[in-house]
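Hi,

Here is the structure I promised to pass on to you.

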Amino acid sequence: MRILVTDGMDKTALQALRDRGHEVVEQFFEPEALGAALRDFDAVVVRSATKVRARHIDEAAGGKLRLIIRGGVGVDNIDVQYAEDHGVTVKNTPRASSSSVAELAMGHMFSCARFISAAGHSMREDKWEKKAYGKGVELGGKTLGIIGFGRIGQALCRMAKGIGMEVVAQDIYHVPGIEETLGMRYVELDELLEKADFISLHTPAIDGKPLINRENLGKMKDGAILVNTSRGNNVDEDALLEALDSGKLRGAGLDVYAEEPAKNKALYSHPLVSCTPHIGAATKEAQKRIGAEIVDIISSFS
């Protein structure tokens, strides 16, 4: 197969594909050039930077393209149904990065609870603000609400239970028997918003509308902490800023943003925000697992 890799890939996996006789081209294409380029490839591997839309599928029609692989969990940067309706298979790597994203979400929870990000920045400005940052809270004994209880949500649940948190989750699909296995329980969204001290989002973007909007922020417990490592559009950033400024929320941990690279400086520079630049799956271990899963997909497909 002739394979295009647009957003980077683990070098071991790239070599494994070449060792299997595939031709691999590593090149990023701007949106206006992507569709035409895809005509010359049997498969394309993307991460989050490249978006494969219906127009790209149309522009590639009549060419070689028959497989799109998203190196990661979410496929909302691909028009999946349109691709498959036009004979192009779409795959992702849902298992590979779950632990990495869950660990980052947990890290943001600790950072917000103990002012790690803000206090560290303060010290780099030669300040010693022990009193200002000496009012942290523990995670143990608190309630974590997980919105979206797939592989990442379940991985986060295991970590949270390990430090003594209670876990409630909201998802449209309830996994049979998992409440007993993991020691959590499913609840409706309103109950989760009302009871959780920490809320972590692990859902795909839904029609571009924020799940955590001004109304739902208002339903959250005073002093709660919100973490988003899913999709930036899942949170109304203006409403979140208001909730932070008013003291409604104690803090927010953000790895994803409505625009990326992030443009909302008022949000990412806010003293109550712990922020990272969309690095949820960016660990050496996750990238190796993603690469290995991609190799397996291509080997099975071809």
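Predicted model: local features only at pLDDT ≥ 70, side-chain atom pairs only at ≥ 80, totals over all residues.

The lining of the second largest pocket splits by class into five nonpolar, six polar and seven charged residues. Residues are numbered from 1 along each chain as its sequence is written, and side-chain values use heavy atoms, with hydrogens and water left out.

Back to the pockets. A pocket here is an open set of points on a 1 Å grid over the protein atoms alone, where a 1.4 Å probe fits, with protein on both sides within 12 Å along at least five of seven lines; lining residues have an atom within 4 Å of a point. Of its 18 lining residues, Ser48, Lys51, Asp76, Arg231 and Glu260 lie nearest its centre.

The largest pocket holds about 1100 Å³ of space. It has 45 lining residues, and nearest its centre are Gly74, Thr203, Thr229, Ser230 and Arg231. Helix α7 (residues 151–162) gives the largest share of this lining, three residues. By class, you'll find 21 nonpolar, 16 polar and eight charged residues there. Helices (H or I, at least four residues) and strands (E, at least two) are DSSP runs, numbered from the N terminus.

Now for the sheet. Seven strands make an open one, with parallel pairing, in the order β8-β7-β6-β9-β10-β11-β12. β8 (185–186) and β12 (273–275) sit at the edges with a single partner strand each, so one side of each has no neighbour in the sheet. Two strands pair if DSSP finds at least two bridges between them; β9 and β10 run parallel and are joined by four. Phe198 stands opposite Ile225 in β10.

What about the inside? The largest nonpolar core has 27 residues, and Ile147, Ile199, Ile212, Met220, Leu226, Leu240 and Leu249 have the most contacts inside it. Such a core is a set of buried Ala, Val, Leu, Ile, Met, Phe, Trp, Tyr and Cys residues joined through side-chain atoms within 4.5 Å. Buried means under 20% relative accessible area, exposed over 50%, and partly exposed in between (1.4 Å probe, protein chains only).

Which residues does Met220 touch, leaving aside its neighbours within four places in sequence? They are Leu193, Ile199, Leu226, Lys248 and Leu249, with contact meaning heavy atoms within 4.5 Å.

- Ser97 is in the loop between β5 (89–92) and α5 (98–114), and counts as buried because its relative accessibility is 2%.
- Ile206 is in the loop between β9 and α10 (214–219), and counts as partly exposed at 46% relative accessibility. Its C-alpha atom is separated by 8.9 Å from that of Asp76, 130 residues apart along the chain.
- Lys284 lies in helix α13 (residues 284–301) and counts as exposed, at 71% relative accessibility.

Cheers

Conventions
Points joined across faces, edges and corners; volume = space filled by probe spheres on them. Nonpolar A, V, L, I, M, F, W, Y, C, P; charged D, E, K, R; others polar.
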